[in-house]
Structures are given as C-alpha cells and as structure tokens.
Amino acid sequence: GLGRLARETLTTDGGNAECVAWSPNGAVIAYGQDDGTVVVWNMKSARPVLRKNLHHAHIISIDWSSDGTKVASLASQDRYVRVWEPMSGKELQKFELPGEHDWSGAVGFNFDDSLLAADSRDQVVVWDLASGKELHSFGLTQIAQVAWSPVDNRIAASSKHRRITIW
C-alpha cells in the first residue's frame, strides 16, 4: 500500500507548482509554475533537466503525449496552449484559445496523440496536431473536468449542472 512508499518532496525554485504530470515511462515529471515556467524533473538524479519560461501567466494544466516525446501546457491568462519537447523546451506548436475570458481547465492528448483538447469553464476546443487546425469547439456551461476515452476519440465532460456530456 501507499504507507510503505518513501516520501519525496521537490522544492520548486521561483514560482509555486500549479500542476504536475508523470512521463509515460515514470522517469521524469513535468510541472508548471505560477510564473509561467515549466520544469522537467529527473526522478532518479533528483535534478531538473529543463527549466524554461514558456508562458506569460500561471500554468494550470500539463500533459504528456503517450510516447513521451511531447508535453502540452495551458496557462490561464496568456490564452495559449503550447506543445513542446520535454528535454529541450523547444516549442513545437502553439494554439490560441478563443474568447476573451481566462481559461481555467485542462489540456490533454487523445489516445493516439493525434488530437489535443483544452477546456475552460464553458468551452472545449480540439485541435488536429498534424495540421495544426482547430477541428471542433463545443459549448457547455460550467465545465468541471474533461477526459479523453483511452481507446477512441470521444471526450467526456462533467459540468456543475449534474451532467456528463460525451462527444
């Protein structure tokens, strides 16, 4: 059980850690800070392999592609989702979020890493990573969480109106 696990604590430099995600192989974690910095931390060496300011606002969500070659991050007020290489921080793609409001949700790759979704309080946007084009935008009031199906391209969104909507 969890009681037998050794506890490790990573102290962030600079901003507060707002979100965290394990790499698919479990060797590193990526986290986003409230100052717009992303950090990739090697768990074995207990050292950062990357620390880079990629956003202009606090990062609220971060996700790894299933093959571990890409990370996506979402910042609340700079209105961009960025896809980047985890070891170099090189930006691979940048997607502008629609609307005037702050984004407060999550970002995530689909099961085969061909699509990327981001959600806010009232909208889900899906992009095709190969073309870089927006494929869909779905409206839903007071979104709480969005999740991709692990086997196909369906998205489930829970809302604070006692509903789960599946696209």
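I looked at Lys94 and found its charged end over the ring of Tyr80, 4.5 Å from the ring centre. A charge sits over a ring if NZ of Lys or CZ of Arg is within 6 Å of the ring centre and within 35 degrees of the ring normal.

I note that this is a predicted model, where local features need pLDDT of at least 70, side-chain atom pairs count only at pLDDT 80 or more, and totals for chains, interfaces and linings use all residues. Residues are numbered from 1 along each chain as its sequence is written, and side-chain values use heavy atoms, with hydrogens and water left out.

Next I looked up aromatic pairs (ring centres of Phe, Tyr and Trp, the last by its six-membered ring, within 6.5 Å; stacked if the planes are under 30 degrees apart, edge-to-face if over 60, tilted for the rest). I got two aromatic pairs by this rule. Phe95 and Trp127 are stacked, because their ring centres are 5.0 Å apart and their planes at 25°. This pair joins distant parts of the chain, with Phe95 in strand β8 and Trp127 in strand β11 (residues 123–128), 32 residues apart. Strands are DSSP runs (E, at least two residues), numbered from the N terminus.

I then checked burial (buried is under 20% relative accessible area, exposed over 50%, partly exposed in between; 1.4 Å probe, protein chains only). Phe95 is buried at 4%, and Trp127 is buried at 3%.

The pair of Phe138 and Trp167 is also stacked, at 4.5 Å centre to centre and 20° between the planes. Phe138 is buried at 18%, whereas Trp167 is partly exposed at 27%.

Notes. Helix = DSSP H or I, 4+ residues; strand = E, 2+ residues; numbered from the N terminus.
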